[in-house]
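Hi,

Here is the structure I said I'd pass along.

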Amino acid sequence: MRSTDHSNNNIIGHLFAVFPVMAWGTSFLVSKNLLAVLTPIQLMWLRFVIAYIALWIIHPVWYFQWRDELRFLAMAVAANTLYFYTENTALTLTQATNVSILVSTAPILSAILLSLSRKKEVLSRQQKTGYGVAFIGVVFVVLNGALVLHLRPAGDLLALASAMSWAVYNLFARNMLERFDSFLVSRKLMLYGIISAFPMVLAEGQKIQLSAIMNPEGIASLFYLGIICSAVCFVLWNSAIARIGTLKTNLYIYAVPLVTMLAGVLLQREKVTGMGLLGIALVVGGMVLSNLDKSYAVSMKIVPKGEVDR
């Protein structure tokens with residue numbers, strides 16, 4: 001019975017990870033229209049505000065302890081403010097292709113940080129192979145036939161910094177999710193995202209043109225990004241980490257470029273080359289290969305046999 005419960009818990013955890021990937025993969029298309037009237041920093045801040053209000057309505061539980069608040073602040077700066085700022089700034093300094101590929105190193109960087117900091121989650125040889133195969137698939141998906149890459153150090157380093165900030169967030173997340181539910185953790189992330197991003201909004205010195213997006217399409221897009229892509233997705237993502245662990249959850253990051261490409265095909269009639277199709281096969285194959293192997297969880301004394309990534 002216990003084995004069945006654990007299996008069901010794993011399935012639910014994987015399903016929780018799939019939804020954010022689907023939403024984040026389509027968020028680029030939704031953001032495009034809003035960025036015609038809002039700056040990236042303004043859009044980021046508005047997403048945090050909407051997400052925080054939604055999460056407070058859903059889960060109005062008060063909690064405040066200075067020691068934990070500092071951890072929540074560090075998580076928010078890493079996962080929200082720093083991640084979005086470095087990624088968006090990188091897009092202005094280097095090719096979008098470079099940014100997509102470098103940001104996709106986040107799962108690998110997360111695995112490295114976790115292996116260095118805590119021995120509870122360590123990739124096995126088979127999982128390392130799966131991670132590598134999936135990453136190569138991401139490169140093919142992002143390139144999709146365009147074989148030219150131009151190195152631009154400033155933008156490329158910022159994109160890599162974005163991936164590292166996401167990896168740092170995951171380092172904090174697992175510890176905090178062992179103590180708090182995903183609703184509280186996600187709400188704290190949005191609160192400190194609002195606080196830490198607000199000085200950036202002021203420093204930018206541009207008025208937020210709310211009147212320009214006060215139409216059905218603009219409101220729907222803003223609420224989709226704030227409620228679905230921020231509030232709901234972070235709750236589900238954090239729930240997935242709590243259920244199946246950081247390493248397995250972060251593996252789904254590789255599917256974000258895949259979803260973006262497929263959304264472009266379906267909604268904007270973009271073409272998929274043979275390289276793109278190969279990339280899809282490699283991403284899926286690498287993810288399956290990594291999830292088939294469960295030996296790494298029993299390699300540590302802390303984790304009993306039969307338990308995986310917990």
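Below is what turned up on helix shape and helix packing.

This is a predicted model, so local features need pLDDT of at least 70 and side-chain atom pairs count only at pLDDT 80 or more, while totals for chains, interfaces and linings use all residues. Residues are numbered from 1 along each chain as its sequence is written, and side-chain values use heavy atoms, with hydrogens and water left out.

Start with helix α3, residues 66-93 (helices are DSSP runs of H or I, at least four residues, numbered from the N terminus). From first C-alpha to last, α3 reaches 38 Å, close to the expected 40 Å (1.5 Å times one less than its number of residues). There is also a kink of about 40 degrees centred on V77 (the angle between axes fitted to the seven residues ending there and the seven starting there).

α3 packs on helix α7 (residues 153-177) at about 160 degrees, axes 8 Å apart (axes are lines fitted to C-alpha atoms over the stretch in contact, and angles run from 0 to 180 degrees between N-to-C directions). That makes the two, α3 and α7, roughly antiparallel (over 145 degrees).

The other pair is α8 (residues 182-204) and α9 (residues 216-244), at about 130 degrees with axes 9 Å apart.

Cheers

Methods. Parallel < 35°, antiparallel > 145°, perpendicular 65-115°, else oblique.
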